[in-house]
Amino acid sequence: MNRLQEIELYELNEMQPQEKQIFVIKDIDGLNWVLRKINAANAKLNEIKSLADAERERINAWEKRESTGLVSDITIFEQKIIEYHSHVLTNDSERKSIVTPYGKVRSITNEAQPERLDDEALFNYVVANKLPYVEVNTSRKLQWGELKKTLKVVQQGNEEIVVDENGQVVPGVTVKPRTTTFKVEVDD
């Protein structure tokens, strides 16, 4: 912003809001006067925006610098909590939650379940066994959700397999193993 723009902005700021509202452009000089004021206001806005952008960049860099170590510490300690809770669950499988005055840890266990591996082989199996899990529109579509409800995960020797209601192995499906997830909730 140059010195002339500063003078224009000073004049603009000296005007009362009512004066700005009732001002009327009557000639080319009035139009020029208004355009000078707008030019000065735009220059000041650009100056403000540039300063704010520079400060935002500085603040973002500072935030990143200050946060990096803390985020790393939180990740490490959350892993320690999960290891501890896994140990507790090994000794007491009913202890799904641990609560302290500063927060709680919860575990959620999902049972082993069928997971699609080869859609074509699975589709061919459903069609060959005349199962009602094929949607017929303009194209073939497997109703996986409905079929999945009828499948079971069973132990065969040292491995788990997926079978249908008749105990027949279902091709194109694998076993998604049982998983336990942990959620750490720290009170504010």
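Visitor: How much space lies in the largest cavity?
Guide: About 50 Å³. The model is predicted, so local features need pLDDT of at least 70 and side-chain atom pairs count only at pLDDT 80 or more, while totals for chains, interfaces and linings use all residues. Residues are numbered from 1 along each chain as its sequence is written, and side-chain values use heavy atoms, leaving out hydrogens and water.

Visitor: What do you call a cavity?
Guide: On a 1 Å grid over the protein atoms alone, it's a set of points where a 1.4 Å probe fits but cannot get out. Points join across faces, edges and corners, and the volume is the space filled by probe spheres set on them.

Visitor: How many of 30 Å³ or more are there in the whole structure?
Guide: The search finds one.

Visitor: And which residues line the largest cavity?
Guide: Y125, L131, Y133, L147, T150, L151, D164, E165 and N166, each with an atom within 4 Å of a point.

Visitor: What about the largest pocket's volume?
Guide: That's about 200 Å³. A pocket is an open set of points with protein on both sides within 12 Å along at least five of seven lines. Its lining includes E78, I81, Y84 and K104.

Visitor: Switching to helix 1, which residues are buried?
Guide: Q5, E8, L9 and L12, with buried meaning under 20% relative accessible area (1.4 Å probe, protein chains only). They sit on the same side of helix 1, because they cover an arc of only 95° around the axis, taken from the directions to the C-beta atoms. Helices here are DSSP runs (H or I, at least four residues).

Visitor: And what's exposed on the face turned away?
Guide: R3 and Y10, exposed being over 50%.

Terms used. Helix = DSSP H or I, 4+ residues; strand = E, 2+ residues; numbered from the N terminus.
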